[in-house]
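I opened the notebook for another look around this chain. Below are my entries, in the order I looked things up.

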Amino acid sequence: MINSDYSTQFLGKQVLVIIDRPKGYYHPEWNFIYELNYGYIPNTLAPDDEELDAYVLGIDEPINKFEGRCIAVIQRLNDEDDKLVVAPDTICYTLDQIKQMTNFQEKHFEIEILM
């Protein structure tokens with residue numbers, strides 16, 4: 001798990017997400033389709049030695065990049081790969097909505113969502 005001080009520092013802040021797995025992307029290794037745009041925050045470093053990952057909510061078409069507000073952090077309790085949840089400033093989501101929308105991938109992990 002990423003140090004909670006590190007991951008929660010993004011809560012409420014504007015961030016740029018570079019999308020490397022757009023909505024509809026098929027993951028060949030894990031055999032699922034991304035139901036959301038998914039990418040990373042440039043110039044960050046997570047414990048897996050890659051840039052910090054992020055889900056983008058509220059955008060229904062595949063995109064290449066997105067700037068929005070970090071509304072939550074998904075902490076994987078049994079993995080070292082936390083995820084930011086980013087959305088447009090004008091849209092709010094509940095904890096249950098975030099859990100439901102990210103379940104296509106997060107169902108494989110024990111998670112805690114921080115808002």
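**Entry 1: Asn 37.** I began with Asn 37, which sits in strand S4, residues 37-40. I kept in mind that this is a predicted model. Is Asn 37 buried or exposed? I found 0% relative accessibility for Asn 37, so I put it down as buried.

Next I looked for polar partners of its side chain. A polar atom of the Asn 37 side chain lies 3.0 Å from the backbone oxygen of Glu 61. I also noted 3.2 Å between a polar atom of that side chain and the backbone nitrogen of Ile 63. Then I listed contacts, leaving aside neighbours within four places in sequence: Asn 37 touches, among others, Ile 19, Arg 21, Pro 22, Ala 54, Tyr 55, Val 56 and Pro 62. Glu 61 and Ile 63 are on that contact list too.

**Entry 2: strand S7.** I moved on to S7, residues 83-87, and found 5 of its 5 residues buried. Which way do they point? I saw Lys 83, Val 85 and Ala 87 on one side of S7, with Leu 84 and Val 86 pointing the other way. I reminded myself that side chains in a regular strand alternate between the two faces of the sheet. Here the residues pointing either way are buried, and that includes Lys 83.

Which strands pair with S7? I found S5, residues 53-56, running parallel to S7 and joined to it by 4 bridges. In that pairing, Asp 53 stands opposite Lys 83. I also found S6, residues 65-76, which is antiparallel to S7 over 5 bridges. There, Arg 69 has Ala 87 as its bridge partner in S7. S6 and S7 make a hairpin, and I noted 6 residues between them.

**Entry 3: the cores.** How many residues are in the largest nonpolar core? I noted 17, and the members that touch the most others are Val 17, Val 56, Leu 84 and Val 86. The elements giving two or more residues to this core are strand S1 (14-21), S5, S6 and S7.

Leaving aside neighbours within four places in sequence, I found Val 17 in contact with residues including Gly 39, Tyr 40, Ile 41, Ala 54, Phe 66, Val 56 and Val 86. I then noted a second, separate core of 15 residues, with Tyr 55, Ile 74, Tyr 93 and Phe 104 among them.

**Entry 4: loops.** I turned to Asp 60, in the loop between S5 and S6. Why do I call Asp 60 exposed? Its relative accessibility is 61%, and over 50% counts as exposed. I also checked Asp 60 against Lys 107: they are 47 residues apart along the chain, and their C-alpha atoms are separated by 21 Å.

Asn 31, in the loop between strand S2 (26-27) and strand S3 (32-33), has a positive phi near 60 degrees, though it is not a glycine. I counted Asn 31 as exposed because its relative accessibility is 56%. Asn 43 is in the loop between S4 and S5, and I read a positive phi of about 65 degrees for this non-glycine residue. At 75% relative accessibility, Asn 43 also goes down as exposed.

Key
Residues numbered from 1 in each chain as written. Predicted model: local features only at pLDDT ≥ 70, side-chain atom pairs only at ≥ 80, totals over all residues. Heavy atoms only, no water. Buried < 20%, exposed > 50% of the residue type's maximum accessible area, 1.4 Å probe, protein only. Pairing = 2+ DSSP bridges. Polar contact = N/O pair within 3.5 Å; in protein donor to acceptor, adjacent residues only side chain to side chain. Contact = heavy atoms within 4.5 Å. Core = buried A, V, L, I, M, F, W, Y, C linked by side-chain atoms within 4.5 Å.
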